[in-house]
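User: I am new to this structure and would like to know what the terms used for it rest on. Please go through them with me.

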Amino acid sequence: MLNKWEGIVLKSRSYGESNKIVTIMTREVGKVTVMARGAKKPTSRLAGITQTFMHGVYVVQRGSGMGTLQQGEHLASMRHIQTDIVATAYASYIVELLDRIVEEGSPEPFAFEVLQQALHAIEEEYDPEAIALFVDWKLLPYTGVQPMLHACASCGAIEGEFAFSFAQGGYLCHRCFHLDPYIIRLTPTQLKLIRMFYSVPIDQIGKLDLKKGTKQFIKKIVSTIYEEQTGIRLKSRSFIEQLERTSLLSRNKHNEETTE
């Protein structure tokens, strides 16, 4: 049976001398893994369409086992993501996270929309670090974690001063701070930003201009949730941290040279 699906390539790996095994997140049937015969050959019509991040339409022949990719047509080649190291790093993190937490076998239209909107926003040169934060918060429910962010996780209050509590699984109002000695206090701006990352569609956000410290603060919260409550630690996260350290060292060296 031939199937025609819209999809985005999450990853591909070599199989034999000339083939690839490709994992695609599709709009229609969710995550699928297919064989792309001959795709490693530079002259293959499947070579380009099976590159990571490629957004296209894929024709797959599916039987009882792994499907076979017959042909594809790209909708967006993600050229900026392919050529800019920072964009590549954050896009790699996004596709690795989605591949890790979304199971094969059933349609996941919300996850597909988050993936598509995120990669297209990075391709359009929106802040990739901020876009990754949107993905982090929006995909949390796929890990079984659903933080309470619209009200106090303990008493349900919606007004007052708030903090984030890992133990209580979301926001605590000032009346309930005593429930957790390790709360992380939040400013009104931080409170609104986390809610925005969690609930507002990426394609409804204009170009965000967030301070580095603000992004790092919110990233620390969501990263701790993933690492300590879900056990997920991604290789691409380590690469991003390495890039940030390198960038910081470069800036410090430049500052030292200009002050001498």
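Predicted model: local features only at pLDDT ≥ 70, side-chain atom pairs only at ≥ 80, totals over all residues.

User: Which strands form the closed barrel, and in what order?

Analyst: The barrel has 5 strands in the order 1-2-3-5-4, and the pairing is mixed. On average, neighbouring strands of this sheet are turned by 50 degrees against each other, direction ignored.

User: How do you know that strand 2 and strand 3 pair?

Analyst: Two strands pair if at least two bridges are found between them. Strand 2 (residues 19-26) and strand 3 (residues 30-36) are joined by 7 bridges and run antiparallel. Since 7 bridges meet the requirement of at least two, the strands count as paired. In one of these strands, strand 3, Lys31 is the bridge partner of Met25.

User: Which helices lie on these strands?

Analyst: Helix 2 lies across strand 1, strand 2 and strand 3, at about 105 degrees to strand 1. Helix 3 packs on the sheet and touches strand 1, strand 2, strand 4 (55-61) and strand 5 (67-76). The direction of helix 3 makes about 65 degrees with that of strand 1.

User: Why is helix 3 called roughly antiparallel to helix 4?

Analyst: Helix 3 (residues 109-123) and helix 4 (residues 128-139) pack at an angle of about 175 degrees, and their axes are 9 Å apart. Angles over 145 degrees count as roughly antiparallel. The angle of about 175 degrees is over that limit, so helix 3 is roughly antiparallel to helix 4.

User: Which residues make up the contact of helix 3 with helix 4?

Analyst: From helix 3 come Phe110, Ala111, Val114, Ala118, Ala121 and Ile122; they meet Pro128, Ile131, Val135, Lys138 and Leu139 in helix 4. By class, the contact has 10 nonpolar residues, no polar ones and 1 charged. Lys counts as charged, and Lys138 is in the list.

User: What makes strand 7 and strand 8 edge strands?

Analyst: An open sheet is formed by 3 strands in the order 7-6-8, with antiparallel pairing. Strand 7 (170-173) and strand 8 (184-185) each have a single partner strand, so one side of each is left without a neighbour in the sheet.

User: How do you know that strand 6 pairs with strand 7 and with strand 8?

Analyst: The requirement is at least two bridges. Strand 6 and strand 7 run antiparallel and are joined by 4 bridges. Strand 6 (residues 162-165) and strand 8 pair in the antiparallel sense over 2 bridges, which meets the requirement of at least two. Phe164 has Tyr171 as its bridge partner in strand 7 and stands opposite Ile184 in strand 8. Ala163 has Arg185 as its bridge partner in strand 8. In the hairpin of strand 6 and strand 7, 4 residues lie between the strands, and Gly169 takes a positive phi near 75 degrees.

User: Which way do the residues of strand 6 point, and are they buried or exposed?

Analyst: Phe162 and Phe164 point one way, Ala163 and Ser165 the other, and all are buried.

User: Why is Gln190 called buried?

Analyst: Buried means under 20% relative accessible area. Gln190 has 15%, which is under that limit, so Gln190 counts as buried. Gln190 lies in helix 5. Leaving out residues up to four places away in sequence, Gln190 touches Tyr171, Arg185 and Phe217.

User: Which residues have the most contacts inside the largest nonpolar core?

Analyst: They are Leu115, Trp137, Leu139 and Phe197, in a core of 65 residues. Among the elements that give two or more residues to this core are strand 1 (2-15), helix 5 (188-199) and helix 6 (212-230). Helix 2 gives the largest share, 10 residues. A second, separate core of 14 residues includes Val9, Val22, Ala36 and Ile49.

User: What is Phe197 in contact with?

Analyst: Neighbours within four places in sequence aside, Phe197 is in contact with Ala130, Leu133, Phe134, Trp137, Lys138, Leu208, Leu210 and Ile218.

Note on methods
Residues numbered from 1 in each chain as written. Heavy atoms only, no water. Axes fitted to C-alpha atoms, helices over the stretch in contact; angles between N-to-C directions. Parallel < 35°, antiparallel > 145°, perpendicular 65-115°, else oblique. Contact = heavy atoms within 4.5 Å. Core = buried A, V, L, I, M, F, W, Y, C linked by side-chain atoms within 4.5 Å. Buried < 20%, exposed > 50% of the residue type's maximum accessible area, 1.4 Å probe, protein only.
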